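Try each task before reading its solution.

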Amino acid sequence: MKRFAFVLSFVFIVSSLFVYSLDLKRFEGHWKGKGKIIVTWCKQKQLKFDIRIDKKGKISGKVGDAIITKGKIYSNFLGVLNRDYVIEVELKGDILKTEKIKRARMKIMVDVKGDYLVGGFRSSGLKIGDKKSMAITGVDLVLKRVKEKE
């Protein structure tokens with residue numbers, strides 16, 4: 001029985017590497033847009049995103065007023081976050097400067113729809129609480145690929 005479980009696990013891992021490998025070309029470029037903030041304690045109702053992803057997958061830009069210091073993209077092949085891909089970033093500074101709301105990380109869950117990334121987002125923080133401790137969550141995120149001037 002142990003041998004069967006090992007073989008099954010091995011086949012799953014190897015097949016997932018091929019089936020769910022990440023094509024960075026789909027993400028490379030400059031993405032801008034916004035999503036709807038759904039936590040009730042936040043006065044601001046939308047959060048802006050300005051993200052650049054280079055051909056090696058390096059991520060820079062801003063989430064709200066916070067600067068992205070580093071990030072990564074990965075396939076959500078198990079479907080835990082209800083989207084195909086996750087862009088996970090680390091942030092420096094306030095996400096919402098006017099409300100003095102700061103979080104260390106943000107998960108941006110997206111599906112690729114042509115020149116758009118659509119989905120939702122969730123910052124680091126608790127599942128319950130207030131603006132000092134709770135995660136900022138959002139829906140209806142739409143990021144459009146920005147055509148760069150040559």
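**Exercise 1. Surface**

Solution. The model is predicted. Now turn to the interior: of the 150 residues, 35% are buried.

**Exercise 2. Fold**
State which secondary structure elements the protein has, and in what order.

Solution. Then read along the sequence: the pattern is α-β-β-β-β-β-β-β-β-β-β. Next, look at the contacts with a separation of 6 or more: 49% of them join residues 24 or more positions apart.

**Exercise 3. Arg 145**
Decide whether Arg 145 is buried or exposed, and find its partners.

Solution. Start with the location: Arg 145 lies in strand β10, residues 137-146. Its relative accessibility is 16%. The cut-off for buried is under 20%. Therefore Arg 145 counts as buried. Now follow the side chain: it reaches the backbone oxygen of Glu 28 at 2.4 Å. Leave out residues up to four places away in sequence, and Arg 145 touches a run of residues including Phe 27, Glu 28 and Trp 31. Gly 114 and Asp 115 are also among its contacts.

**Exercise 4. Core**
Name the residues that touch the most other members of the largest nonpolar core.

Solution. The core holds 32 residues. Leu 47, Phe 49, Ile 87 and Met 106 touch the most other members. Take Ile 87 as an example: beyond four places in sequence, its contacts include Ile 53, Ile 59, Ile 73, Met 106 and Leu 117. Lys 72 and Lys 107 are also among the residues Ile 87 touches.

Note on methods. Residues are numbered from 1 along each chain as its sequence is written. This is a predicted model: local features need pLDDT of at least 70, side-chain atom pairs count only at pLDDT 80 or more; totals for chains, interfaces and linings use all residues. Side-chain values use heavy atoms; hydrogens and water are left out. Helices (H or I, at least four residues) and strands (E, at least two) are DSSP runs, numbered from the N terminus. Buried means under 20% relative accessible area, exposed over 50%, partly exposed in between (1.4 Å probe, protein chains only). Contact means heavy atoms within 4.5 Å. A polar contact is a pair of N or O atoms within 3.5 Å; within protein, one must be able to donate a hydrogen and the other to accept it, and residues adjacent in sequence count only if both atoms are side-chain atoms. A nonpolar core is a set of buried Ala, Val, Leu, Ile, Met, Phe, Trp, Tyr and Cys residues joined through side-chain atoms within 4.5 Å.
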